[in-house]
Amino acid sequence: MKFKLTFNSERCKGCGLCIHFCPKNLLDFDTSVFNGSGVHPVYMTDQASCIGCQSCALMCPDAIITIEKLEASA
Amino acid sequence: MTKVLMKGNEAIAEAAIRNGCDAFFGYPITPQSEIPEYFAREMPKHGKLFLQAESEMAAMNMCMGASASGARVMTSTSGPGYCLKLEALAAMSLNGLPAVVTVVMRNGPAFGTMKASQEDYRMNGNGGYKVVLFAPATVQEAAEMAYQAFDIADQYRNPVVIMADGMIGQMMGAVDFDAMPAKRENLPAKDWALHGTNSRGGKPVLHLPPMGEEHFRTKHWQETVLYPSIIENETQVEIRDVAEADIVLCAYGTASRMCKQVMKELAEEGGPKVGLIRPKTLWPYPYKAFDEIGANCKAIVCAEMNIMGQMIDDAKIASNGRWPVVHVGDTDKDFVSPADIKAKVLEMWEEVR
Amino acid sequence: MSILYERSKCFNDSPFTFCPGCTHGIILNAVMSVVDEMGMAGDTITVGCVGCGGYMPWFMDIDTIYSLHGRAPANATGVKRMNPDKLVFTYQGDGDLASIGTAEIVHAAHRAEKITAIFVNNTTYGMTGGQMAPTTLIGQKTTTSPYGREESHCGKPIRMSEMLSTIDGAKFIERCAANSPANVRKMKKAIRRAFECQLKGLGFSMVEILSTCPTNWGMSPLDALKRMEDEMMPYYPLGNFKDYED
C-alpha cells in the first residue's frame with residue numbers, strides 16, 4: 001500500500017465527483033452508514049490500488065480528502 | 001501663523017491634510033471639484049494618496065477598503081453623488097469603519113441645479129444608522145470641522161459627514177490653521193486594521209457584516225449605547241441672545257449668516273429682540289438649546305435655503321409646542337435673502353406680540 | 001509517511017456551506033492552496049463579494065473585508081494602496097463582477113491596480129435563486145428568462161476575459177475551468193501566475209473560472225459539469241488572453 005486516503009466523512013455531501021474522477025474506480029458511497037447530514041459518505045474500497053493521482057482530492061468541493069504517501073515497504 | 005485667504009472647499013481639504021488624512025478618493029462634481037483638485041496637488045507633497053475614482057460609489061468603496069486598512073480617509077461630493085455613496089456609508093457605519101465625507105450641498109432632487117441649497121438635511125442610507133453631521137457657517141468653521149472630524153470618526157468608529165451648503169464651499173474666507181480644535185488624545189488603537197495575519201501573530205481580522213443575532217446585538221449597541229454617547233459629547237450649537245428674545249431664529253450654514261445680518265439690522269432699528277439658535281451639528285441636533293430660550297419668546301422662525309423647510313421638523317420637536325414654529329425660505333422665489341428673513345420675523349412679530 | 005495532499009491550511013473548522021457538488025469549493029480550495037504554496041497566508045487580504053462565493057471569508061482565518069455588491073475591486077483598491085506589499089484578491093461571481101460591478105472591474109484594470117480578481121462564472125445568479133446573469137447563454141432558461149434568453153431582448157452573454165484583455169493595465173487574464181483534475185491543475189498554475197503578476201507590481205490580473213450551479217440548473221453535479229463542457233466552453237473558450245514576460 002503506497003497511499004492512504006482519509007475522509008472527513010461528516011463533511012461529505014454525497015456529490016459523487018470524486019467517485020466519477022477516480023481513474024481506477026476505487027471510491028464508492030458507503031451505504032452501511034449515514035453521516036450527520038443523512039448522506040452515505042464516500043469511502044475507499046481498495047486502498048492498495050490507489051495510485052495517488054489526487055484526482056479525487058482536487059475535485060472534492062468540500063475538501064474532505066487527505067492523501068498520505070506511505071514509506072516504501074514490502 | 002497668519003491667517004490665509006482660502007476657498008471653503010480648499011480649507012476643508014487643507015484641514016484634512018493637517019490632521020493626517022492618509023488617502024482621498026473622489027470624483028468631480030460641482031460645487032466641490034476644488035476639493036479633489038486640491039488633494040491632487042497637495043497629497044503627493046506629503047507622500048499621501050490622492051486617487052480619482054471612476055464613480056462616486058467607487059470612491060466611497062475605496063474609502064471603505066482603505067479605512068478597513070487603518071487609514072484616515074476622506075471623500076467629497078454634492079447631493080447627487082451623496083445618493084450614490086449612501087450604500088457604502090451605511091455599510092461603513094454598520095461595520096464601524098471611520099471616514100470623513102464632505103457634502104457640498106446644491107439644489108436637488110437628482111441632478112438639480114448648481115445653486116447652493118440646504119435640501120439634503122434628511123439624507124441617509126438604509127437601516128437607520130446615524131453619523132455626526134457638521135454644518136459649517138464660515139470658512140474657518142469648515143476647516144475646524146473637517147479637522148476634528150477625523151478624530152471623532154476614529155473615536156467612535158463611525159463616519160462623520162460635513163454638510164456644507166454650496167456657498168460655504170465656494171466662498172473665500174480667512175482661515176487660521178493654528179486655531180484648529182485640539183487633537184484628541186487617547187484615541188483607540190486600530191488593532192482591527194487589515195494588514196494580514198502575520199502582522200498580529202496569526203490572528204485574523206474579518207470585516208464582515210454581522211449576521212443573525214449578532215446583527216441585532218450590533219445595531220442594538222449602536223442605537224442604545226454608541227449614539228447616546230455621541231449625542232452627549234458631540235452636540236455643537238451656537239446660542240445667541242435667546243434669554244431676552246421676542247423671536248428666535250433657527251438656521252445653519254449660510255442661512256445663519258443671513259440671520260445674523262437680520263439680527264444686527266433689527267437691533268439697530270429698535271425692532272423686536274431677536275435671538276438665534278444655530279446648530280453646528282445637524283445630528284446630533286441641539287434640542288436642549290431650545291430650553292435656554294427666555295420667557296419673552298413668542299415664536300421660532302426657521303430660515304432655510306429650501307422651499308418648505310426640512311430642519312424645521314427638528315425645531316418643532318425641540319419646541320415641543322411651546323412656541324409656534326414657522327419657515328422662511330425659497331418659497332416665493334429661487335433664493336432666500338436676509339430681507340425675506342427680516343420680513344418674516346416682522347410678520348410673525350405682528351401676529352404674536 | 002508524508003502528506004501528499006491535504007486541503008488548504010487557510011481554512012478554519014467551518015464546513016463549506018456551498019451546495020453539494022458546487023465547484024465553488026473546488027475553486028476556493030485551489031486558490032487557497034496556491035496561497036499556501038506561496039507562503040502568503042499571513043500576508044493576504046481577501047475581498048469578498050455578494051453571492052454564494054461571499055461566504056468564503058467565514059471559512060478562513062485570513063484577513064478579509066466583505067464588499068457591497070460589485071464594489072469588491074474598489075474595496076480592494078483601497079486595501080492594496082494601503083498595503084502595497086500584501087497579496088490582495090477579490091473573489092467574485094458573475095453577477096457581482098459582470099453586472100453591477102462592471103465599472104469597478106474595468107477601472108481597476110484600467111488603473112493597473114495591483115490586485116487579482118478571481119472571477120467565478122456559472123452563467124447564473126446562484127445565491128438569489130437562479131436568475132439570469134449577463135453571462136447567461138442564449139436559450140438558457142432561468143427564473144428571469146423563463147422562455148430562454150433571447151438576443152433580441154437582452155443581447156448576447158458578456159465575455160469578461162476577452163473584454164478586459166483589451167485594457168493596457170490588465171497584465172494577466174486567463175480563463176480556466178473547474179470541470180476536471182487536469183483543468184483544476186491548470187487553474188492553479190494560472191492563479192499562481194496571476195498572484196505573481198500582482199506581487200511583481202506589474203498590474204491587474206484576473207483568472208476567470210467556469211463553474212457550475214447544480215441546484216439552480218436543476219442538474220446533478222456531474223451533469224452540471226457536462227453542461228459546462230458542452231455548452232459553456234464553446235462560448236467561453238479556455239485559455240490565456242493576456243500574459244506578461246517573465
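Two residues are taken to be in contact if their C-beta atoms, placed from the backbone, lie within 7 Å, while helices (H or I, at least four residues) and strands (E, at least two) are DSSP runs numbered from the N terminus. The model is predicted, so that local features need pLDDT of at least 70 and side-chain atom pairs count only at pLDDT 80 or more, whereas totals for chains, interfaces and linings use all residues. Residues are numbered from 1 along each chain as its sequence is written, and chains are lettered from A and ligands numbered from 1 in the order in which they are written.

In chain B, 5 strands form an open sheet of mixed pairing in the order 10-12-11-14-15, where two strands pair if DSSP finds at least two bridges between them. Strand 10 (237-240) and strand 15 (325-328) of chain B each have a single partner strand, so one side of each is left without a neighbour in the sheet. Within it, strand 11 (residues 247-250) and strand 12 (residues 274-279) of chain B run parallel over 4 bridges, and Val248(B) has Gly275(B) as its bridge partner in strand 12 of chain B.

Helix 8 (residues 253-269) of chain B packs on this sheet, touching strands 11, 12 and 14 (299-303) of chain B, and its direction makes about 165° with that of strand 12 of chain B; such angles run from 0 to 180 degrees between N-to-C directions, with axes fitted to C-alpha atoms, for helices over the stretch in contact. Helix 9 (residues 312-319) of chain B lies across strands 11, 14 and 15 of chain B, at about 160° to strand 15 of chain B.
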